[in-house]
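User: Could you walk me through reading a pocket and a buried side chain?

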Amino acid sequence: LLSDRGTVGSSNMEDGVSLKFRQQLLLIDENLVAEDVAALKFLCTDLLPFRKLENVKSAVDIFQLLMNEEYLNEEDTFLLAELLYRMKCHSLLKKLGYTKEKVQECLQEKGRVSPYRQMLYELSENITDDMLKDIIFLLQNYLPRRRITLSALELLILLEKQGLLTENNVQMLEDICMNVSPDLLETVNCYKRAKDYTVVCNIPSFNILQGGYKHTGKKVYLDTGKHFLIIWKRKKTLCCFYLSLRENTVVSSCVRFAVSGDVFCNFIIKCSASFCSLVKMTSYKMDGPHRGFCLIINNVEFDRSLQERKGSCRDAEELERVFTWLGLDVKTYKNQTSWEIKNLMQTWQHLEDHKDRDCFICCILSHGESGAIYGKDEELVSIRMIMSHFTAKQCPQLAEKPKLFFIQACQGKEIQRPVYVEADARIPDLSSMQRSISPSESIPEEADFLLGMATIDGYASFRHIQQGAWYIQALCSKLQLLVPRGEDILSILTEVNEDVGRRVDRLGTKKQMPQPAYTLRRKFIFPIPRDPPPS
């Protein structure tokens, strides 16, 4: 009798747990709109039969399908947490007992949404209504003849159904993005580059050294720019591939030998220590207690004739997200006059806290002329004067430490502007024209400086009034892509040049080429952040 009562009590408890779990799902459903349901369907396309997804009307329908396929239950809600995270519904994660940070920690081990599906969803999120109209026009021959209204997600599904878009063939997407927006193309290229790293086999997770390596959970690879080492294990065989660049010639070797699990881990740690010593010898020290400060000066509105710099706030926000992810303490200042800019430089020049920092970064977004940027009061401030505040003599706390400056501003005459692209320059006034100043002339005559200019001297730089400046968006994108691969800043800026140089305005008549100048003595390599990139 006692045993029977115990069984009944246990059954009631299980029913209570199940009821509570379903109530949680209902609460989540109530907070999701039609667009969210469409996003859930799309992200689950690789997990659930498509014929069943076609009949879905609500989020609850999807939850039930996931439970039927044993992807979701009260003991394991991570897949739903991942889906909400991918959809940026972070406030709903707490209903499942998760936080954004907790989901990020578990994604590598437990994530189920494929990189291909993530890429398509991210692409759809960045397709504006105008872009979608252009894409549908380009694809008229592939779409149903009857007139239907398609969302970006529905269009991608349609292309998949017709076999025009697959995990291993995204050529059509590349062609479309190249015609509609190079910004979209970068999302596809990121996916392709990540796919190039072939998964060989599983090895346990462990920590090596900070900086100069990447451990994917499948293999370990380390890169100094001239030396590249990959270590992985296939069954009980250790594979070690070494590549070296000598006088523009690739020298490589591959070694295989039997090894146990413990020996494998010890071998990798020893290899990593030896290999990373190459990085330390040729790179700036980036292992201090604090990474450094990053100043962002974002001039959007001006007092007289200069136009409002629409889209610049998006640039400032993106810079803040990326440099915070890279470990810097970011401070943003908006609409600063020429006097306030000079005063800011003097304030930060004398900051004692620099002594505990590895580096210093300053980003300035404004209108400009050759060798100078405009304050809110429309008075010019010399870029060289700004940087000279941080020489070893003027700021000894930053002596022998890298100091990076990124300038988003025109360096020449205004160019005819199409509807969606503006030039960061004022109408030239011949009476106030300065002589041409190259970026190298703007850098103080001492080591450890880098100046990244959005454009070469004498030319305009361009800014999308909704998506932000070509240069800043490319810079943020490449930092997020290449820092986790251990690339140094000059390699990253070369990729930025390639990205921006490929972009054109909607009319196909305006182009831009950034120009870095530097007196760095070593490689500047950001330590790889523990968290995934912010976007």
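User: How do the residues of the lining of the second largest pocket divide into nonpolar, polar and charged?

Analyst: First, the ground rules: this is a predicted model, where local features need pLDDT of at least 70, side-chain atom pairs count only at pLDDT 80 or more, and totals for chains, interfaces and linings use all residues. Residues are numbered from 1 along each chain as its sequence is written, and side-chain values use heavy atoms, leaving out hydrogens and water. Ala, Val, Leu, Ile, Met, Phe, Trp, Tyr, Cys and Pro count as nonpolar, Asp, Glu, Lys and Arg as charged, and the others, Gly among them, as polar. Here the lining holds 13 nonpolar, two polar and six charged residues.

User: Which residues are the closest to the centre of the second largest pocket?

Analyst: A pocket is an open set of points on a 1 Å grid over the protein atoms alone, where a 1.4 Å probe fits, with protein on both sides within 12 Å along at least five of seven lines; lining residues have an atom within 4 Å of a point. Of its 21 lining residues, Lys41, Phe50, Leu153, Glu154 and Ile157 are the closest to the centre.

User: Is Arg86 buried or exposed?

Analyst: Buried means under 20% relative accessible area and exposed over 50%, with partly exposed in between (1.4 Å probe, protein chains only). Arg86 is buried, at 18%.

User: How much of the protein chain is buried?

Analyst: Buried residues make up 50% of its 535 residues.
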